[in-house]
Amino acid sequence: VEIQSQSIRGLTLNENYSDALREVERLLNGDLLTQLPETVRQQRRAELEAQREQLLKRVRQTEAPVQTQSVSPDGTLLALGDSSGLVTVVSNPGSAMEWPQEARYSRQFPNDISELKFLESDRLLIVSGQSVLIWELAGNDEPFVLTGHTAPIRGFDVIGTTAITGDDDGTVIVWNLTTRQVRTQIRANTRIRDVALVPGTSIFV
């Protein structure tokens, strides 16, 4: 138990809070504590439960794995997108390292969220399945869908008001995010795994 406790302390010092929490839960629910004398067992259990309480403040548990995240330009918001299609926006915990109890905004999308990025502090660009969407956080309108892809999107990049996406069918689209229109579209003879815009130019790779 002492060796495991040292491992938990090491994980916590390295800010690996998720693994530390898993180790605490494993010790609390396992058989190791039952092998200790009663008084020692009670003390160790109390210590582990206190550690778990502190770690839970620093770890946000989700129903599905988080696949992407983005911080708003002013640093006040943090957006998380998961494999179930849920996008959650919370106040950025920052140096406090304590997750807020409630989300500022949340929306369920039909497909998993592979990419997302703040365009401004109140606008998110989201890639979900074969869709590219712009979500205005402060309004009640449905997210605006940028149409053009017919296969799952694998590549994504944004610089300023320009975005680029590439999909499994080999389609690459450059978007004007101000007009919400296609600027350029090409078709490659192979699936697209990644794309990138070259800053200060009209070149992409």
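Q: How exposed is D168 in this model?
A: The model is predicted, and in it D168 has a relative accessible area of 22%, so D168 counts as partly exposed. The cut-off for buried is under 20%.

Q: Which residue does D168 form a salt bridge with?
A: With R154, and the closest N and O atoms are 3.0 Å apart. The pair links distant parts of the chain, since D168 sits in the loop between β10 and β11 and R154 in strand β9, 14 residues apart.

Q: And R154, how accessible is that one?
A: R154 comes out at 41% relative accessibility, so R154 is also classed as partly exposed.

Q: Which residues are linked with D168 in a network of salt bridges?
A: R154 and R191: together with D168 they make up a network of salt bridges.

Q: OK, strands now. In what order do β9, β10, β11 and β12 sit in their sheet?
A: The order is β9-β10-β11-β12, in an open sheet with antiparallel pairing. At the edges are β9 (153–159) and β12 (181–187), each of which pairs on one side only. On average, neighbouring strands of this sheet are turned by 15 degrees against each other, direction ignored.

Q: How many bridges join β9 to β10?
A: Six, and the two strands run antiparallel, with β10 covering residues 162–167. One example is G155, whose bridge partner in β10 is G166.

Q: What's phi doing at R180?
A: Phi of R180 is near 60 degrees, a positive value in a residue other than glycine. Most residues other than glycine have a negative phi. R180 lies in the loop between β11 (171–176) and β12, and with 24% relative accessibility R180 counts as partly exposed.

Q: Which residue takes a positive phi in the hairpin of β6 and β7?
A: That's G129, with phi near 65 degrees, and the hairpin has two residues between the strands. Six bridges join β6 (residues 123–128) to β7 (residues 131–136), and these strands run antiparallel.

Q: Which residue stands opposite L125 in β7?
A: I134 does. I134 also stands opposite F144 in β8. Strand β8 (residues 144–146) is joined to β7 by three bridges, again antiparallel.

Q: Switching to rings: how many aromatic pairs does the count come to?
A: One. The rings of F109 and W135 have centres 6.2 Å apart and planes at 70 degrees, so the pair is edge-to-face. F109 is in the loop between β4 (105–108) and β5 (113–120) and W135 is in strand β7, so the contact ties together parts that are 26 residues apart in sequence.

Q: Are F109 and W135 buried or exposed?
A: Both F109 and W135 are buried.

Q: Back to charges. How many salt bridges are there?
A: The count comes to eight. Among them is R107 with E142, at 3.4 Å from N to O. R107 lies in strand β4 and E142 in the loop between β7 and β8, so this pair ties together parts that are 35 residues apart in sequence. E142 counts as exposed because its relative accessibility is 63%.

Q: What about E120, which residue does it form a salt bridge with?
A: R123, with the closest N and O atoms 3.4 Å apart. E120 is partly exposed because its relative accessible area is 39%, whereas R123 counts as buried because its relative accessibility is 14%.

Q: Last one: which residues form the nonpolar patch on the surface?
A: V198, I203 and V205, with about 260 Å² of accessible area together. V198 is in the segment after β12, and 31% relative accessibility is why V198 counts as partly exposed.

Terms used. Residues numbered from 1 in each chain as written. Predicted model: local features only at pLDDT ≥ 70, side-chain atom pairs only at ≥ 80, totals over all residues. Heavy atoms only, no water. Pairing = 2+ DSSP bridges. Helix = DSSP H or I, 4+ residues; strand = E, 2+ residues; numbered from the N terminus. Axes fitted to C-alpha atoms, helices over the stretch in contact; angles between N-to-C directions. Patch = residues over 30% accessible without salt bridge, like charges linked within 9 Å, V, L, I, M, F, W, Y side chains within 5 Å. Areas by Shrake-Rupley, 256 points an atom, 1.4 Å probe, with all protein chains shown as cover. Salt bridge = Lys/Arg side-chain N within 4 Å of Asp/Glu carboxyl O. Buried < 20%, exposed > 50% of the residue type's maximum accessible area, 1.4 Å probe, protein only. Phe/Tyr/Trp six-rings, centres within 6.5 Å; stacked < 30°, edge-to-face > 60°.
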